[in-house]
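Please keep the sequence and the three-dimensional view side by side while reading.

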Amino acid sequence: MLWYDAAAGDGLTYPPFVDKALKLFNLKQVAFEIENSVLSKVSCTACKAGAGLLQHYIKSGKTEAELMKMIAQYCTNLNIQSPRVCEGVAHLFGSELIYVLQRVNLGPDELCSFIIGDGCGDVYNPYHEWEVIFPPVPKPPRLSDLPMPMEAAPFFKVLHISDTHYDPHYVEGANADCNEPLCCRLSSGRPANPNAAAGKWGDYRKCDTPKRTVDNMLAHIADTHKDIDYILWTGDLPPHDVWNQTKQENLEIIKETVKQMTEKFPGVPIFPALGNHESAPVNSFPPPYVNQVDISINWLYDELDVQWRRWLPQSVSHTVRRGAFYSVLVRPGFRIISLNMNYCNNKNWWLLLNSTDPATELQWFIYELQSAEFSNEKVHVIGHIPPGHSDCLKVWSRNFYKIISRYESTITAQFYGHTHFDEFEMFYDPHDLTHPNSIAYIGPSVSPYYDLNPGYRIYYVDGDHDTTTRLVIDHESWIMNLKEANLYGYPIWYKLYTARAAYNMKALRPSDWDKLLNELTDNQELFEMYYKNYWKNSPARPTCDAECKKRMLCDCKSGRSHDRRHFCADVESKIDEGSSKSWKSWFYRGLTNSGEHNTVEEDMNTTSWGGLDIIYGTFG
């Protein structure tokens, strides 16, 4: 088996199993799915082909330089990305990917099931099965429901900023519709169509946030919300130019953004969490046992400790430097725990070596929660990747879900980012799905990447009083209409909606969110309002059919990743039933208008609908 075909010059020839796989999938779809974390059988096939090819050439004794060249040519020749992006990806990711694949004893099926999850089969892998250990302390009695927060009680006003993705190389007028993962830069070229020129304040296409937009947003927040008590800052500061990032440039963006936050909000406590884009290359977070100087993550964690020290006590330095997580007592009886969710990130190749509780973060998390339970403290958890998202490893998410259930009386809210959308995620008792026990708030992104308006969240949290619940009382989402800002030359930030008023919720307890989820399933008008808010009222949002609705509401229901069959059957069946009824109604109205039938009752009672049910079930 040859790497190069001598007759074709640099043309690659592939082993038969790879060549066959390449004919079966749409490579542009693969690139889209990887960018958007919506992975299907197509991506699974591509993953197996790529992994099989790499392992084939590693076993054949190719050098690292040859392998990296092969990765770049595989990417370029198959038009997965532009040659410049392919070469950059091979240079940035090749060494660590080769390092990991040389040391794992897994075939393509196991590798891709691990990385992609339920979109690639549920292959049993004993090397990546593990369980956290709970202390022998009985769980406090479960309440039938949490108490309602007092309406007139004191509260905290909390700002949540996520996914800034500040792009220092954004250029107004540059091509916003390029053929690379990130556009709107000088390197993107000039647009062939004037309508594809990058706007002054950002763009709905594949573009991140210009500095002027970040500056304007922070100035607006400081002026509009002068009474902020503290800030949750859930990561992803660098842009999406994942093929040409450097450690130094990412550190400069972190330093610059931290300085900016300190200056705009002097004296306001800020609690940060680490995103997946802070590392270079993106998603690369070696656990502590990978301690070689050239590949360890110390370069990032040590700097985070220095930068975060502006707001955090010195006592958390050890865990920040070890794993970029920490626990802080905000008030007597109230604690915030920040987790490094990159240890559940299935695009973090280092976890293939050993995924067992990296940096012992979850065991430490249990220790902190047990201490909080003994001390009658309430806890808010913050992080970047939501634990139920497809980017989170199934085994990690399963253990996390158990922890949330065990300490449901201690954890009163969770806060994440990463998806760029305005949404939420539910948690239930693993043994009783009728009992919702926690809610994760997923805040909107500042970045418009892509097809989105920039946004941020304000939470009102039950404050300091004798009967405080530390629950979120209400929240608001604020956005800037990017289209109008670019049209009129100046952005206007406004409140898009308030949760309780928009969704007619009497409170924001887990049971209230569970009730809303059921109403979103049944009430199409309410769902359309949620869908508008999910997209931050973007004029570029696509239409949402029944499959889209099922995916979105299943995401809300699944605080445990890669387990949709367990959580979503009832939601999906209700939506299918509703779609079937709507179709029948539409079909019958057409018959009635043509004069072929007399009454609805007469038609609905005929057995002919049985045949239509079969047809609809087959093709719907």
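In which loop is the place of Pro281? Pro281 is in the loop between β3 (270-272) and α9 (298-308), and the peptide bond that leads from Ala280 to Pro281 is cis, with an omega near 5 degrees. The model is a predicted one, and the values given here are computed from it.

**The chain as a whole**

The protein chain has 21 helices and 12 strands. Of its 620 residues, 58% count as buried. Among the contacts between residues at least 6 apart in sequence, 71% join residues that are at least 24 apart.

Asp305 is a charged residue placed in helix α9, and it counts as buried because its relative accessibility is 3%, where the cut-off for buried is under 20%. Leaving aside its neighbours within four places in sequence, Asp305 is in contact with Ser317, Val320 and Arg321. Asp305 and Arg322 are 17 residues apart in sequence, while their C-alpha atoms are 9.9 Å apart in space.

Ala324 is not a glycine, although its phi is positive, at about 60 degrees. With a relative accessibility of 0%, Ala324 counts as buried. Asn537, in the loop between α16 (524-534) and α17 (546-557), likewise has a positive phi, near 55 degrees, in a residue other than glycine; at 23% relative accessibility, however, Asn537 counts as partly exposed.

The buried residues of α7 are Thr213, Val214, Asn216, Met217, Leu218, His220 and Ile221. The elements that cover them include a helix, α8 (247-264), and the strands β1 (155-161), β10 (455-462), β11 (472-480) and β12 (493-498).

**Two helix pairs**

Two packed helices are described by the angle between their axes and the distance between those axes. The table sets out these two values for two pairs.

| Helix pair | Angle between axes | Distance between axes |
|---|---|---|
| α7 and α8 | about 25 degrees | 10 Å |
| α11 and α12 | about 5 degrees | 11 Å |

With an angle of about 25 degrees, α7 is roughly parallel to α8, because angles under 35 degrees count as such. The crossing of α7 with α8 is right-handed. Lys211, Val214, Asp215, Leu218, Ala219 and Ala222 of α7 meet Glu256, Gln260, Met261 and Lys264 of α8, and by class the contact has five nonpolar, one polar and four charged residues.

In the second pair, α11 (residues 361-374) and α12 (residues 394-406) pack at about 5 degrees, and they are therefore roughly parallel to each other. On the α11 side the contact is made by Glu361, Leu362, Phe365, Ile366, Leu369, Gln370 and Glu373, which meet Trp396, Asn399, Phe400, Ile403 and Arg406 of α12. The residues of this contact divide into seven nonpolar, two polar and three charged. An α-helix has 3.6 residues a turn, so residues three or four places apart point the same way.

Which residues outside its sequence neighbourhood is Val571 in contact with? Val571 is found in helix α19 (residues 569-593) and counts as buried, at 4% relative accessibility. Leaving aside the neighbours within four places in sequence, the contacts of Val571 are Thr521, Leu553 and Lys557. Val571 and Cys554 are 17 residues apart in sequence, and their C-alpha atoms are 7.0 Å apart in space.

How values were computed. Residues numbered from 1 in each chain as written. Predicted model: local features only at pLDDT ≥ 70, side-chain atom pairs only at ≥ 80, totals over all residues. Heavy atoms only, no water. Buried < 20%, exposed > 50% of the residue type's maximum accessible area, 1.4 Å probe, protein only. Helix = DSSP H or I, 4+ residues; strand = E, 2+ residues; numbered from the N terminus. Contact = heavy atoms within 4.5 Å. Axes fitted to C-alpha atoms, helices over the stretch in contact; angles between N-to-C directions. Parallel < 35°, antiparallel > 145°, perpendicular 65-115°, else oblique. Left-handed = near helix turned anticlockwise from the far one by under 90°.
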